[in-house]
Structures are given as C-alpha cells and as structure tokens.
Amino acid sequence: MSKWNMIIDVAECTNCQLCALAAMDEYVGNDWPGYAAPMPRHGHKWINILQKERGQAPTIDVAYVPTMCNHCDDAPCMKAATDGAIRKRDDGIVIIDPVKAKGQKQLVDACPYGHIWWNEELNLPQAWPFDAHLIDQGWQQTRGHQSCPTGAMRAIKVDDAEMDRMARDEGLEVMRPDLNTRPRVYYRNLWRYSTCFIAGSLSAEQNGVVDCVEGAKVRLMRAGQPVGETTSDNYGDFKFDKLAENSGAYTVEIEAPGGRKKTVEAKLGESISLGEIKL
Ligand code: SF4
Ligand code: SF4
C-alpha cells in the first residue's frame, strides 16, 4: 500500500518561506474538523525553516532546512496521548485529533523534534497534519509542495519498500535517526546543515608579488590517517567538507608545485576557515 512521505532538498531551499506562508494560509482562521482546529496567527510554526551558517569569512555558506511534523511510524507522541488523541492513518499521516487532544499539554514535550505547538486559546496541542483534509479531497501535493518555487519540497505517495529503496539509492536522511521514530520526512543534502568543513586559501610570494597558489596537493589527516585529498583551485582555495561536528584534531598537509610544503593543525568543533595560508 502506498503512503505519504516528504522529500526535502536542503541544497535547493532558498528560505523564501512560501511553504510556511502556505501552511499559515491554509490553517490560520480555518477549522478543518477531524483534521485540525485553526492555527493561531502568531507563535506557531507548523512549517519551520531552520538556518545554519557555516564557516567564517572568507569561506561561509548558509543552509536552510524546512522542518515539520515527521509523521513518524513509531511516534512517541502517540504513546503519550490518552483517549486515542493521536492516530496514524493507513496512508502514513499522523493526526492530532482536535477534539480528543484538548487539554493534553503533555503532548508538546512528547515530540522529541519540538513539532507539537500548544494553542493556549483552544487548550490544544497542534502540528502540521500533512494537509490531510486536502489529500482526502484528492490533492496529489501539499500546499507547501505546490508553492515551493525551487522544487525543494516534494510530497510523494509510494509504498514503503519503494521509499526505502529511494532513501538508500539517493542517500536520503531523516532527522535524528538515533531516536528510532521512523520519520516520513526525508532530506537530501542534509550534510549542508549537519556537517562541517575545513577550508583555506594558499598564497606565496615570488619576486615581491603575492599570488594564489593553484594546483597544490592538500591532504587532510586525522589520527595519522589520510581522510581526504584535494587540489587548490586557481584562487588557491581548498575545502574538505562533510566532516563530523566536534570531531577533534586534524592536520592539513600542503605540498605546492615547486616543492614548498606546509603543515597546519586544526581542531574541529564547527566549520573552520583557516584563511590565507602563506607558503
Ligand atoms: S514529529 Fe513529533 S509530532 Fe510528529 S509524529 Fe513524530 S513525534 Fe509525533
Ligand atoms: S518554499 Fe521551497 S524554497 Fe521556499 S522555504 Fe519552502 S522549501 Fe525552501
């Protein structure tokens, strides 16, 4: 049986916020009985775009990650709910019942992702319901999918075996797999948000002129073992990416054309731009 999933490409998200605005347009002031009570105009972010800036000048990049209820297959929120207030539909969508969930504030803390919001006025926990009221009218996309100008957000309905195959073949990841909640929201290029880089620019002085060093071999070593190798480009720049946060001490070994060598030590907490390295 096919079920709904979301695939989000972090490399394609520009933080235009149109998906978040579409969710507000759909839910603020609108009551969808059986699916969702109205979302408050202020304070809730049922679709929430996270932002991560990596590095320091001159090497900086920014990644944006749209997040929302993951419609987990093993949802901790369901276990914390009483009176069947949260249910999993056959198509994979998780619904917080807007009547049965009244007063169940404990559900806010039960979601380890922080995707359940408390509606003070209605005394109600709420989350993004995958636009299930539209899906049940025959929609093949969510409002966020429909409004995304870059194709970064895509809702797809496939059977679980096909989704597993896509995740494996395309290197899709879920948020916090260590929680074993089996999310149905998948990310492509999540490394742009979750990993670090070490970068630098090589220069050398010759006949009184400082110039970029192109074509230098740069090797990244960790605990005496090579973990990456690259060549500086025509600006003298090099970059090692997809390194784990807080992964500790690294050594950058540089060997430039003409035999000039240099070694630089780096300690990786978050991304590091080593700046200009004079050979
Ligand atoms: S993301 Fe949170 S609210 Fe959504 S299904 Fe998972 S545990 Fe429940
Ligand atoms: S609409 Fe698309 S590009 Fe814009 S913030 Fe949402 S996911 Fe990103």
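1. The second largest cavity has a volume of about 80 Å³. Of the 15 residues that line this cavity, the closest to its centre are Cys13, Cys16, Cys19, Cys148 and Ala152. By class, its lining has 10 nonpolar, 4 polar and 1 charged residues. Here a cavity is a set of points, on a 1 Å grid over the protein atoms alone, where a 1.4 Å probe fits but cannot get out, and lining residues have an atom within 4 Å of a point. Grid points are joined across faces, edges and corners, and a volume is the space filled by probe spheres set on the points. As to classes, Ala, Val, Leu, Ile, Met, Phe, Trp, Tyr, Cys and Pro count as nonpolar, Asp, Glu, Lys and Arg as charged, and the others, Gly among them, as polar.

2. The model is predicted, so local features need pLDDT of at least 70 and side-chain atom pairs count only at pLDDT 80 or more, whereas totals for chains, interfaces and linings use all residues. Residues are numbered from 1 along each chain as its sequence is written, chains are lettered from A and ligands numbered from 1 in the order in which they are written, and side-chain values use heavy atoms, with hydrogens and water left out.

3. Searching the whole structure gives 2 cavities of 30 Å³ or more. The volume of the largest cavity is about 210 Å³. Its lining comprises 25 residues, of which Cys69, Val94, Ile96, Ile116 and Ala127 are the closest to its centre. Helix H2 (76-80), strand S5 (94-96) and strand S7 (124-126) each contribute at least two lining residues; helices (H or I, at least four residues) and strands (E, at least two) are DSSP runs numbered from the N terminus. The lining has 21 nonpolar and 4 polar residues, and no charged residues.

4. The largest pocket has a volume of about 170 Å³; a pocket is an open set of points with protein on both sides within 12 Å along at least five of seven lines. Among its lining residues are Gln17, Met24, Met39, His44, Lys45 and Trp46. Helix H1 (18-27) and strand S2 (48-56) each supply at least two residues of this lining, and H1 gives the most, with 4 residues. The classes are 8 nonpolar, 3 polar and 1 charged.

5. Glutamine 17, which is one of the residues lining that pocket, lies in the loop between S1 and H1. Its phi is positive, about 70°, although the residue is not a glycine. Most residues other than glycine have a negative phi, and most peptide bonds are trans. Glutamine 17 counts as partly exposed because its relative accessibility is 31%, where buried means under 20% relative accessible area, exposed over 50%, and partly exposed in between (1.4 Å probe, protein chains only).

6. Asparagine 189 is located in the loop between S9 and helix H7 (191-194) and, at 22% relative accessibility, is partly exposed. The peptide bond from alanine 57 to proline 58 is cis, with omega near 10°; proline 58 is placed in the loop between S2 and S3.

7. The largest nonpolar core has 51 residues, of which Met6, Ile47, Trp128, Met153 and Tyr187 touch the most other members. Elements giving two or more residues to this core include strand S1 (2-9), strand S3 (59-67), strand S8 (153-159) and strand S9 (185-188). H1 gives the most, with 4 residues. A nonpolar core is a set of buried Ala, Val, Leu, Ile, Met, Phe, Trp, Tyr and Cys residues joined through side-chain atoms within 4.5 Å.

8. On the cysteines, a search of the whole structure finds 0 disulfides, a disulfide being a pair of cysteine sulfur atoms within 2.5 Å. Cysteine 19 is buried, at a relative accessible area of 9%, and cysteine 77 is buried at 11%.

9. Alanine 75, in the loop between S3 and H2, counts as buried at 4% relative accessibility. Alanine 75 and asparagine 180 are 105 residues apart in sequence and 9.0 Å apart in space, C-alpha to C-alpha.

10. Strands S12 (residues 217-222) and S13 (residues 225-231) pair in the antiparallel sense over 6 bridges; pairing requires that DSSP find at least two bridges between two strands. Valine 218 stands opposite threonine 230 in S13. S12 and S13 form a hairpin with 2 residues between them, and alanine 223 in the turn has a positive phi of about 50°.
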